[in-house]
Amino acid sequence: MSGNTSTADIKNKQRNGNIELLRFAFSAGIVLFHCSDSFFLFKGGFLGVEFFFMLTGLFLEKTMGIENTDGQIRLTEAVKRSFKYVIKKILLFYPYFLISTFIGLCVKIALFGHAETMLRDCIGDLFFLQPFGIRTLSATGVVWYLSVSYFALFFICTMLYFNKKACKKIVFPVIVVSLTFILFYKLRGLNHPINFFMFSGIVFSSGIMRGFISICLGVLINDASKILQRYKGGISSAAFTVLEAVSYLAVFVYMKLFRSSVYDIFPFILIAVGLTVTVSEISLFSGKLNNGITSFLGKFSSVLFMNHHYLVGYQDKIAEKLGLTDYNELLMKCCCIALSFIISYVVLKLGGKASSELKALFDKKIKVK
């Protein structure tokens with residue numbers, strides 16, 4: 001999945017195997033969330049979306065190229081740079097998204113028909129319009145997430161380019177606290193991808209709010225992790241290792257035993273706590289999982305995020321189309337999950353080739369300039 005954590009996101013630093021494994025784990029949680037099956041029952045799996053939003057903010061300064069700068073330029077220049085940055089991210093990720101959308105569209109047409117209507121609605125998918133109240137098909141089931149990511153990124157990047165210090169000390173903390181309060185006050189939880197509501201005479205979109213909250217928090221987590229690095233070694237590392245393990249364990253237990261979104265704030269905070277420790281690399285687990293397997297799983301998580309919903313979410317319709325009247329639901333669900341893994345692997349290979357060529361083209365243009 002992209003958080004918006006695409007496969008091209010982390011290039012300036014060796015991949016943190018712990019984070020890559022977490023990406024896959026939270027992506028798998030989202031898959032189980034969409035299964036809606038009594039055996040899997042992962043009703044809190046939607047919290048994986050917050051994890052991916054945070055990851056986007058976590059590496060934002062590095063991918064923007066302002067990690068070691070004051071980040072203060074004119075507003076017009078900030079807007080220009082942000083636009084270029086977001087467009088580049090979209091183009092590098094678009095091959096994966098386009099292939100996934102095409103497959104999802106074909107599956108949905110095969111299951112439900114109405115090809116003309118679906119083709120028309122799919123146009124909204126291609127331009128990431130779902131969170132703005134415009135009719136879309138969401139062939140992949142995750143268009144709202146990608147749309148929110150790019151929309152929020154543009155404004156957050158502009159703010160960081162314009163005045164990085166003010167953003168970190170004042171603007172981002174205010175955004176995180178105020179929008180979180182409004183979201184929980186009005187909707188009582190996080191599991192609201194596309195809800196519009198009024199608060200103090202202003203129209204809010206729940207999905208866009210979630211994006212701004214978690215991406216801004218991710219930027220703050222990056223700074224907090226640097227502070228934690230001062231305590232690396234000895235008893236401190238052992239204590240933070242326990243905190244890291246307990247935080248993630250509690251989050252996944254909550255996702256499994258989920259009953260009401262009213263308590264979403266607690267796992268949300270625990271994800272931030274665990275991620276802060278993981279990124280600081282003061283944990284005794286740090287570096288233990290840096291290998292090719294976790295690196296692959298991290299990349300795979302992005303495409304799995306986009307290539308499961310049109311299969312695991314329509315088990316009954318698929319069985320109907322196959323002429324199956326008496327079938328084992330658990331076996332059918334497992335087959336749909338397995339098929340989504342296979343399709344995701346194919347998309348990863350096909351999309352990766354196109355994305356690499358686009359990246360090479362961008363790098364060539366930068367060198368020319």
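Here are some questions and answers on a predicted model.

Residues are numbered from 1 along each chain as its sequence is written, and side-chain values use heavy atoms, with hydrogens and water left out. In this predicted model local features need pLDDT of at least 70 and side-chain atom pairs count only at pLDDT 80 or more, while totals for chains, interfaces and linings use all residues.

Me: Is isoleucine 215 buried or exposed?
Reply: Isoleucine 215 is found in helix 8 (residues 206-228). Helices are DSSP runs of H or I with at least four residues, strands are runs of E with at least two, and both are numbered from the N terminus. Buried means under 20% relative accessible area, exposed over 50%, and partly exposed in between (1.4 Å probe, protein chains only). At 0% relative accessibility, isoleucine 215 counts as buried.

Me: Which residues does serine 27 touch, not counting residues up to four places away in sequence?
Reply: Serine 27 lies in helix 1. Its relative accessible area is 0%, so serine 27 is buried. Contact means heavy atoms within 4.5 Å. By that rule, serine 27 touches Phe52, Ser301, Leu304 and Phe305.

Me: How many bridges join strand 1 to strand 2?
Reply: Two strands pair if DSSP finds at least two bridges between them. Strand 1 (residues 196-199) and strand 2 (residues 202-205) run antiparallel. Methionine 198 stands opposite valine 203 in strand 2. The number of bridges joining the two strands is 4.

Me: Where do lysine 168 and glutamate 61 lie, and how many residues apart in sequence are the parts that the pair ties together?
Reply: A salt bridge is a side-chain nitrogen of Lys or Arg within 4 Å of a carboxyl oxygen of Asp or Glu. The side chains of lysine 168 and glutamate 61 meet in one, at 2.5 Å from N to O. Lysine 168 lies in helix 7 (residues 164-187) and glutamate 61 in helix 3 (residues 60-64), so the parts tied together are 107 residues apart in sequence.

Me: What separates glutamate 77 and arginine 81 in helix 4?
Reply: Glutamate 77 forms a salt bridge with arginine 81, with the closest N and O atoms 3.1 Å apart. Glutamate 77 is partly exposed at 26% relative accessible area, and arginine 81 is partly exposed at 37%. The two are 4 residues apart in helix 4 (residues 75-112), so what separates them is about one helical turn.
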